[in-house]
Amino acid sequence: MNRRVCVAGVGWADGPKTPDLTAMGLQAQAFGRATADAGLTKSDIDGLASAGYGGMHEVQLAEYLGLTPHWLDSTSCGGSSFEFHALHAYRAIQAGDVDTVAIVYGNNELSTAGRSLGTGRSGGGGAAAMPYPMSFELTTGLTLVGAYAMAAQRHMHQYGTTAEQLASIAVQTREHAARNPHAMYRDLITVDDVLGSKLVADPLHKLDCCVVSDGGCALILTTEERARDLGRPLVYVRGAAAGMTHHSIQGMPDLTVTAGAVTGPKAFAEAGIGPSDVDTFQMYDSFTYTVLVCLEDLGFAPKGEGGAFAASGALRLGGALPTNTDGGGLSATHPGMRGLFLLCEATRQLRGEAGDSQVAGAEIAVAHGSGGWLSTMGTVVLGTEPV
Amino acid sequence: MSDETGVPSYLIPRISPEAAEFFAGTVRGELRVQRCASCGLHHHYPRMFCPHCGSDELTWVTASGRGTVHSFTVIRQQGIPMFKEQVPFVVALVDLDEPGARFIAQLPTVAPEHAVIDMRVQVRFRPASEDMAFVEFEPHE
Ligand SMILES: [Zn+2]
């Protein structure tokens, strides 16, 4: 059996600030909206995937939702977990192990943790907060932002990438956010605004960093046959791949190359496309550098030329590669992890339901998640037609 | 808080068995790293197997303590109290002269504006408790 796989439904929870909702509540809200969008009921769901809250989270979520799925995936490898989930669900549906899988994420990161994400949280935690071997990094005072910053610094040194080029990514992403009523920040910004914002970890400024928000979303994958019956516009999974290079930034083999250099070409090959076929790119923009390095790794620009490519205006609507058309993590929403939002926005674009942010005639969309400290990468190619 | 060092107890890692020799070295002022007899490369942090080739034929050597900055950042925002008092400070990835071993460490005597990639550095040790010192690096001419 090798069945084709389609997106049946997508849904978004409230956001970007929901002090009255729990993380589980946001997940339930997103799940409910995705099943409604698909025209399914919860009894149609026989697989569930989720990530982010330690052991058995997806089991707890299933109980909360009143589901008893026979297929579970709790792969939790940072923000790209959801591209891993999509890959695993895609293969399992192809093979006939499961028919309809919901992938769900939601978190009230802003309301519970505030804006400290990525810059070191205060307080103790005892020796448990210093687990081996991460203690070698944590005792230096390095932050999550700092880990990305060291990679960006090396790219600048090796290739002459500039702070202005990185900033241009934030500027273009904000243009998309300005069209999204649910985005956290919608006022247009300039390169000078980015460079004038506070340095958090050199060379990354505050506006090079993603926002911290509340929010959630859900995506349902099913067989082509099932999706056809549901009557929503068909969006096919055409290819997917996932990989990793390291955990701590100290172990990253090359600070200027991510596992996207493997997962991108692999997913593209399965999808029967090349970089020039991609109409819109949904890229995990934890930081401007994450976008820049993956533009290169997925082959949209040669290695070392991601900065010039981005600064050319390629990421705008009407540009060569409209990217993060919902305003991204940099401006719209980032409730701790963002990987699933990429797949939902890619679907919205391919259905032609993106309103003011619609990429005209979009037929191929790529969602590329990044997790940890550029550690784990997952690429999913979606399209309006099967391979 | 351990009074002599100024390092709060929650920043003192437990000494795991594979790293005991490394931490003992830091108290003596020696930078101990593992060298693989099979491929000849070094590595850090300490492990049961060589991450380069997978061999378990590892021996401990005392490194020269000299290396080169591969990359760095300046931490300007940090929520953990000890580090909050320190900002801005430089954290670097340092490649030891012994091939294969990369450290992550502060360069506490390097002003943010003087940090550069490829600068030569040498190790120094900051006492953190009776049983360990933290590895840091400073400029080396
Ligand atoms: Zn070896």
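This report looks at a zinc site in chain B and a helix in chain A.

## Ground rules

This is a predicted model, where local features need pLDDT of at least 70, side-chain atom pairs count only at pLDDT 80 or more, and totals for chains, interfaces and linings use all residues. Residues are numbered from 1 along each chain as its sequence is written, chains are lettered from A and ligands numbered from 1 in the order written, and side-chain values use heavy atoms, leaving out hydrogens and water.

## The zinc site

Who holds the zinc ion? Its protein donors (N, O and S atoms within 2.8 Å of the metal, or 3.2 Å for Na, K and Ca) are the SG atoms of Cys36(B), Cys39(B), Cys50(B) and Cys53(B), 2.3 to 2.4 Å away. Along the sequence, the spacing reads C-x2-C-x10-C-x2-C. Cys36(B) sits in strand β1 and Cys50(B) in the loop between β2 and β3 of chain B, so this pair ties together parts 14 residues apart in sequence. Strands here are DSSP runs of E, at least two residues, and helices are runs of H or I, at least four, numbered from the N terminus.

## Helix α10 in chain A

On α10(A), the buried residues include Gly260(A), Thr263(A) and Phe268(A). Seen down the axis, the buried residues fall within an arc of 125° (from directions between the helix axis and the C-beta atoms), so they line one face of the helix. On the other side, Val262(A), Lys266(A) and Ala269(A) are exposed.

Key. Buried means under 20% relative accessible area, exposed over 50%, partly exposed in between (1.4 Å probe, protein chains only).
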